[in-house]
Amino acid sequence: MSGENRKGVENAQVDPAEKDDGASSNFITHIVEEDLKTGKYDGRVVTRFPPEPNGYLHIGHAKSICLNFGIAKQYQGTCHLRFDDTNPLKESVEYVESIKEDVRWLGFDWEDHLYYTSDYFEMLYQSAIQLIEKGKAYVDSLTPDQIREYRGTLNEPGKESPYRNRSVAENLGLFEKMANGELGEESCVLRAKIDMASPNIVMRDPTLYRIRRKDHHRTGSKWCVYPMYDFAHCLSDSIEKITHSICTIEFVNNRELYDWILDALAVYHPQQIEFARLNLNYTILSKRRLIQLVEEGHVNGWDDPRMPTISGLKRRGYTPAAIRKFCDVIGVARRDSTVDISLLEHCLREDLNVSAPRVMAVLNPLKLVIENYPEDASEMLDAVNNPEDASMGKREIPFSRVIYVEQDDFMENPPKKFFRLAPGREVRLRYAYFIRCHDVIKDEEGNVVELRCTYDPQTRGGNSPPDGRKVKATLHWVSEKHAINAEVRLYDHLFNVENPLQSGDFRQHLNPASLVVLTNCRLEPGLLHASPGAHFQFERLGYFFSDPVDSLPQKPVFNRVTTLRDTWAKIKKAQGATGG
RNA sequence: UGGGGCGUCGUCAAGCGGUAAGACACAGGACUUUGGUUCCUGCAUUCGGAGGUUCGAAUCCUCCCGCCCCAGCCA
């Protein structure tokens, strides 16, 4: 991890950019404030972020993390990080570690409130026994298929299991056998005795415990029986004295069961509040499908810079502050919504515009010879590191007779509104000189391979000449003999349609141009020593990030995080659209 | 077709009976040694629809329409 990232962690939650925009306000903060006013929880505010360690966190989880930690902070409360590790079949320490790292990287601190549902297994087991003793739970010996049949459908009520009225003693004995590993995996389950005719299917005698002969990543082989989400979650919240149990909207139906279990056991009762999960266009935020992309090799792992995972965004070059800002600005509500990815990009630019040093890099080099510049001469020119922040100082960049400019910055037959270089036209080389193009050299196939220009010595530094001549464009450039070579990876949206799930197999909408690798880029020499995990603005091109994994000493690799706003691209597109 | 949730600008989202915030996007313009940044300006006579209550309705009532979630021994 880079020094920059560590700094991000230290500055967590005191980011000045976020401090002045005040506390957030949404329907959940309204509830919290009302509860504070009425003294519902004695003025306490305790939230929790409860991930299941069965995959990597994505930007949707970031919304939940920012919400839960944010509310705790806003009301001087605490936020717990709790791993909801009740299913050993899907969970692993790899995921636990990645989640901790991602939450920390985002800038949040759970202090000493790190919990695992598995730490409560004994208490949960005792609670289950209590439920049995109260006659509110029973061991059902129906097969999985039978349980499904007995559950009924959306329109028809279910019917009661023949095992539903076993005696408390028999249930107690059976449940103990389940826990002792004396029974086979699908031979029976513990179920709550509620109402098989409930219009809410969640309430039709939900399963509380199932047998799993599988080692758990934290409790090893201690348990043969594992609690289901509905049973474990509400009780874990209760044990931790959570006040506001914030979850996503698909759990609305489960709230009735959440309340039922807590009431049945007569224990401390937090309130569950649901909000709509985040959707982003041009990507997918489904854990299951993200796993698929990784396992089928459509991307290079969980931290592929195209992935909407926290680790992917981090590797791409997104900053914690940008993600936090995004989560703040999208708001919290209960309605389904899909946020435009341009908002995420906007938050990133807002952050990097003020913090990223500017630098010149030519991605697709075109050789340019300044014929009236002395053959073997070179000179150093002053350049500011960040026009937004004078304290970032200046640097010197070398100039000489042969330079490289961007291929896109020259057109032999320029269309209207193309301000850049063309035969006979004069432009400014940033921080250097005005140059005018005189000749174009092509290869046998007619490709432009070299430009012959002259420069005006009176424009040194890029300043306008005494005659007041103006120029319509300023180009970035790099001196041929001083430039370093580097690989630059251009990233774009993972999918080429707004909603990849709308039609057909989502994989058929993968954007083939989501990654374009450029290996012949020429960068200003100072970039040779760019430390991995550092941000730059390549002037006129975008924000770039030295890849923290693939960069080698003296051989940096850059990821394009996002482009700059590109007015010319829009004009070009509009001209193309009208056939111009 | 049972139950639940939700419909306010292209996209998010305020609004909580007193006459439609803000952000992104988009479109103009100013400035500019980044076609960047910044700065102005414009962008919902209308809140899914239709009725009703009221001096007054996005907000209350009624009906209708649409979208989403639930039938795992997943979370």
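**Before you start**

This is a predicted model, in which local features need pLDDT of at least 70 and side-chain atom pairs count only at pLDDT 80 or more, while totals for chains, interfaces and linings use all residues. Residues are numbered from 1 along each chain as its sequence is written, chains are lettered from A and ligands numbered from 1 in the order in which they are written, and side-chain values use heavy atoms, with hydrogens and water left out.

**The whole chain**

Show chain A as a cartoon. You will find 15 helices and 25 strands; these are DSSP runs numbered from the N terminus, with helices being H or I of at least four residues and strands E of at least two. Along the principal axes, the C-alpha atoms fill a box of roughly 100 × 50 × 45 Å. Of the 580 residues, 52% count as buried (under 20% relative accessible area, with exposed over 50% and partly exposed in between, using a 1.4 Å probe and protein chains only). Among contacts (heavy atoms within 4.5 Å) with a separation of 6 or more, 71% join residues 24 or more positions apart.

**Select 27-38 and 59-74**

These are helices H3 and H4, whose axes come within 11 Å and cross at roughly 35°. Axes here are lines fitted to C-alpha atoms, for helices over the stretch in contact, and angles run from 0 to 180 degrees between N-to-C directions. Show side chains for Ile 28, Thr 29 and Val 32 of H3, which meet Leu 67, Ile 71 and Gln 74 of H4. That contact has four nonpolar, two polar and no charged residues. Here Ala, Val, Leu, Ile, Met, Phe, Trp, Tyr, Cys and Pro count as nonpolar, Asp, Glu, Lys and Arg as charged, and the others, Gly among them, as polar.

**Select Ser 98**

Ser 98 sits in helix H5, residues 93-106, and counts as buried because its relative accessibility is 7%.

Asp 205 is not a glycine, yet has a positive phi of about 50°. Look for Asp 205 in the loop between strands S5 (189-192) and S6 (207-211); at 1% relative accessibility, it counts as buried. Lys 417 also has a positive phi, near 75°, and lies in the loop between strands S15 (402-406) and S16 (426-429).

**Select 320-330 and 341-355**

Now for H13 and H14, which pack at an angle of about 130° with axes 8 Å apart. That makes H13 oblique to H14 (angles under 35 degrees are roughly parallel, over 145 roughly antiparallel, 65 to 115 roughly perpendicular and the rest oblique). The crossing is right-handed. On the H13 side, pick residues including Lys 325 and Phe 326; on the H14 side, Cys 347 and Leu 348 are among the partners.

Definitions and conventions: A crossing is left-handed if the near helix is turned anticlockwise from the far one by less than a right angle, and right-handed if clockwise.
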